[in-house]
Amino acid sequence: MYAFTHHLASSVDDAVKTLGANGDAKFLAGGQTLLPTMKQRLAAPPHLIDLGKVKELRGIEVQGDKLVIKAMTRHYDVATSDAVKSFQPGLAELAGLIGDPAVRHRGTIGGSIANNDPAADYPAACLALGATIVTNKRRLEAEKFFTGLFSTALEDNEIVTSVEFPKADKFKYMKFRNPASRYAMVGVAVAKKGGEVRVAVTGAGSDGVFRWTAAEEKLTQNFDKRALEGLSIDPGTLNGDIHGSREYRAHLIGVMAKRAVAAA
Amino acid sequence: MGATGIGAAIPRKEDHRFITGKGRYVDDINRPGQAYAYFLRSPHAHAKINRIDTSAAQNAPGVVEVYTGDDIAADKVGGLICGWLIHSKDGSPMNAGPHPALAQGKVRYVGDHVAVVIADTLAQARDAAEKIEVDYEVLPAVIDLANAQSGAQIHDVAPNNVVYDWHLGDKAATDKAFASAKHVTKLQLVNNRLVPNPMEPRAAVGEYEEGTDSLVLYTTSQNPHVARLVLSAFIGLAPEHKFRVIAPDVGGGFGSKIFIYAEETICVWAARKIRRPVKWNCDRTEAFLCDAHGRDHVTHAELATDAEGKITGLRVSTKANLGAYLSTFASSVPTYLYVPLLSGQYNIPAIYGEVMALYTNTAPVDAYRGAGRPEATFVIERIVEMAARELNMDPAEFRRKNFVTQFPHQTPVIMCYDTGDYDASLKKAQEIHDIAGFASRKAKSESQGKLRGLGYSAYIEACGIAPSAAVGSLGAGVGLWESAEVRVNPIGTVEILTGSHSHGQGHETTFAQLVSDRLGIPIDNVSIVHGDTDKVQMGMGTYGSRSGAVGMSAIFKALDKIEVKAKKVAAHVLEASEGDIEFKDGKFAVKGTDKNADWGTIALQAYIAHKFNGQELEPGLKESAFWDPTNFTFPAGVHICELEVDPATGSTTIEKWTAVDDFGNLINPMIVEGQVHGGIAQGVGQALLEGAIYNEDGQLITASFMDYCMPRAHDVPSYQVGMTTTPCPSNPLGIKGCGEAGAIASPPAVINALTNALGHENLQMPATPERVWKAAQGARLRMAAE
């Protein structure tokens, strides 16, 4: 790790102001991606703006028909929150499947979605549930927020403050882990709200998280795993690596989607 | 057996220290004025070095010195050695290329040592290393075993990259057996390359003591005396009497810490040059790149059987990848630690094995838990299983039919099995496993859309390595005995100095149990001293499951001498003749009387020396012994793996594992069982999860735990472990060795179970979910049709 200057932000405004004063600064949320990368000298931001003490960025609240999770809320807090469990139990379950206990006690929802790792779990939930990403500047639909591998619609001086999840009748996330890293090799989130079904896939897409619209159409007609029989996904749009070829990932997407539907 | 003696399953004495964070590892050692070393490593698999410019690094903040291969050449520092000479079929000695501690003119794998920066802090050393400019001329990399012979030449001394082309066995007799065989089973297999990954990475602190002109090296070694011998006699850093090597607490080795590497060599050499202690601590990525890897064979094997299903011959041809340089014992692993084990537990009249060892532009490959024996066991236990299936015989019955039943048994490939009862282990394993219930368990799995399979592995290994004369005749550069010294203190407490080294094996407990048993004293009154060449005179260290059979036997022999001496003292104290003294349960008694003295009294009397004539009997109570056994030991057993496959995803779940081992007599059954557990976990890792992968440019793709899959707790089942016992006749304790058995036995059990579940043999290790999914396609169709 190279030397850097550590700034402890006291508020969102303070964090944004500090960023404005140090253009090459990075926000530090849970640090579960950034810090290992810095330790390997693959990233070398000269300034880190630590959001860990910003109180307004922490907490979980049900506001009418939506669940609001503030950006610096740890995965462990989501996984064990009674509010989340009763509002959308599948979301608490998803948070409990992220990484290991150490990661879940440090990693945050805001950090996860702002990083948009193609194997991260939360982006699939955000897409499937039709979440709204709230920043210090605006409100963005999840689909407009995630723009590709490790990239988002976030602009300079913009910071995720919370994620709002509308309630779905059914929601289930099924994850097939990479045997080594335990990240999602394929993760499929299925949500049903009234007559609308959304299927989001993480871990596999060569351009990051995506919606599997063909599956959505079938499931909208008939929310049953058999509706997905014979449906396949083009491996050409997927990632392949030593752990799983594109073809294998394409196959796994089908399997995980069916299992998610069956368990939803 | 006493409460703490031989056979007692007592908790480990050392655990309190370790689990409360009070261990003292090399990285815990910091010397006054210490500087830090950082190695600049090659980013290329194969390249000429045209020029290295260290001037900017030299002038960077905090830098003490920057050294390259030119500096060690100027100081005439010897190269790293390979201590086992193998001769090719044509009688020529192996082609051992030079192995300088810092590259000279060429780099040969990604991670090869190009330069070292020594600075006041590690961060400064690392920053400065980025300022070194190296002009590389990149050469084509040789990665694949299949193309190694036609690839670019890596060492001038090794045309076609051949280290040796070696063989063992009677080729003519074996060919004859095949010519008259009723059936021949053929197997093509890959034994995947593994990265050892001990929990504690390697580390070293080198120190020069100017007043005495001597060197001290703290290092993560399984054999500090061998390290001193090599660094002193071959690399030439200092004579042995001016060189102290200390291996304190060491957090696992699995073979990778046997070897003498570049980094510790450089630390202790540089410490003298800069007159400051030099510390190096390996990070995990460096460990992936540069610790000696294990396995990496491609093998074709054939098994001949007659009309009755008896094995008549075995023919094995292997290509072994030894990496870019010959590591310390690399050459012995795919030769004498491999082919002599190919007979397995079976009576095979003719065996012929040939091994082509090749250089590639990858990390050196050397001994890793099992070293050669897992490779041999994988060959014989896979092909025996396949032969049984092809002959429509029950795999257990086929094995039973071919078991060696008479001992001693001379195999056609060197080994003479001293004792064993293979059928007893098989029978017991089948009982424990509930083989009879397999059919209904399988039916239940299938009703849930899962495949279920069961696989045997009836392994044998040769360990307790071994008689010095025997290994010498096979090319070893060292003798393989062990030493021990028993120091009895005046109040009767005992210090055992041993040449064995504990890095997870629990010697502080088991060795003390032996002493407690022999002398009838509490285990807490015994301490085990190891890992310091200034305290222990000489030793050969711990590997090849040798510390029990060889190391403890040396202690046993020294204790014999202690008992003889103590009886002489007791005779004087009790005023009786020496022949009338009996020693039992810590008491010396005069036969037929009630006169006695306890252990502590006699120990004290030995030192105050008032009761005997010091000219006739030396004062004190201290004895030493060297033990050189008469044979290898031959642990053997049967493991049964039962697993379930989800054909939709290719996920494999091990549902049941039975291990029945014959390790001879046990000192601490709990520690033995723990060794079995750990060994199986490593074997399951090899079978299902682990594999080092280089890309075609020689970059290690699996250079971190993000891509190299180590087994986790959920990957292994709760084992059912049983024992059978045939005491080993070649050491006084009757013990065989248990440290590697699990890793040797388990891979073929897993693959035999998987291929049983899938209904075909086409599956290589590691059997990752994707490989199993592909292999399950046929099985899935069959299930759908049923």
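Domain bounds, as used here, come from an automatic or database domain assignment. On that basis, chain B of this predicted model is divided into three parts: domain 1 covers 34–139 + 199–252 + 257–290, domain 2 covers 297–409 + 419–466 + 631–785, and domain 3 covers 481–627.

The secondary structure of chain B consists of 19 helices and 28 strands. Its radius of gyration is 28 Å, close to the 28 Å that the globule rule gives for 786 residues, so chain B is as compact as a globular protein of that length. Taken along the principal axes, the C-alpha atoms of chain B fill a box of roughly 90 × 75 × 50 Å. Of the 786 residues, 61% count as buried. Among contacts in chain B between residues at least 6 apart in sequence, those joining residues at least 24 apart make up 79%. The accessible surface of chain B is about 27400 Å², and carbon and sulfur atoms contribute 51% of that area. Chain B carries 71 positive and 90 negative side chains, with the centres of the two sets 2 Å apart.

Chain A contains 11 helices and 14 strands. For its 264 residues, a compact globule would have a radius of gyration near 18 Å, and the value of 18 Å for chain A agrees with this. The C-alpha trace of chain A spans about 55 × 45 × 30 Å along its principal axes. In chain A, 53% of the 264 residues count as buried. Of the contacts in chain A with a separation of 6 or more, 58% are accounted for by residues 24 or more positions apart. Chain A has an accessible surface of about 11200 Å², 49% of which belongs to carbon and sulfur atoms. The 34 positive and 29 negative charges of chain A have mean positions that are 5 Å apart.

Helix α6 of chain B, residues 224–234, is mostly covered, with 9 of its 11 residues buried. The buried residues of α6(B) are Pro224(B), His225(B), Val226(B), Ala227(B), Arg228(B), Leu229(B), Val230(B), Leu231(B) and Ser232(B). These buried residues pack against β10 (214–219), β11 (243–246) and α7 (262–274) of chain B. Gly236(B), which follows α6(B), has a positive phi near 80 degrees.

Another helix of chain B, α16 (residues 599–608), contains Gln605(B). The relative accessible area of Gln605(B) is 12%; because this lies under the 20% cut-off, the residue counts as buried. Beyond its neighbours within four places in sequence, Gln605(B) is in contact with Val569(B), Val573(B), Lys611(B) and Phe612(B).

In chain A, Ala131(A) lies in the loop between α8 (122–129) and β6 (132–135). Ala131(A) is buried, with a relative accessible area of 1%. When residues up to four places away in sequence are not counted, Ala131(A) touches Cys126(A), Leu140(A), Glu141(A), Ala142(A), Val163(A), Glu164(A), Phe165(A) and Pro166(A). Asn178(A) is 47 residues apart from Ala131(A) along the chain, and their C-alpha atoms are separated by 26 Å.

Two cis peptide bonds may be described in chain B. The bond from Phe407(B) to Pro408(B) is cis, with omega near -5 degrees, and Pro408(B) is in the loop between α10 (395–402) and β16 (409–410). The bond from Met765(B) to Pro766(B) is also cis, with omega near -10 degrees. Pro766(B) is placed in the loop between α18 (741–758) and α19 (769–785).

Positive phi values occur at Arg182(A), at about 70 degrees, and at Ile414(B), at about 75 degrees, although neither residue is a glycine. Arg182(A) is located in the loop between β11 (170–177) and β12 (184–193) of chain A. With a relative accessible area of 21%, Arg182(A) is partly exposed. Ile414(B) is located in the loop between β16 and β17 (416–417) of chain B. Ile414(B) likewise counts as partly exposed, at 34% relative accessibility.

Key
Residues numbered from 1 in each chain as written. Chains lettered and ligands numbered in written order. Heavy atoms only, no water. Helix = DSSP H or I, 4+ residues; strand = E, 2+ residues; numbered from the N terminus. Rg over C-alpha atoms; globule rule 2.2 N^0.38 Å. Buried < 20%, exposed > 50% of the residue type's maximum accessible area, 1.4 Å probe, protein only. Contact = heavy atoms within 4.5 Å. Areas by Shrake-Rupley, 256 points an atom, 1.4 Å probe, with all protein chains shown as cover. Lys, Arg positive; Asp, Glu negative; His and termini not counted. Charge placed at Lys NZ, Arg CZ, Asp CG, Glu CD.
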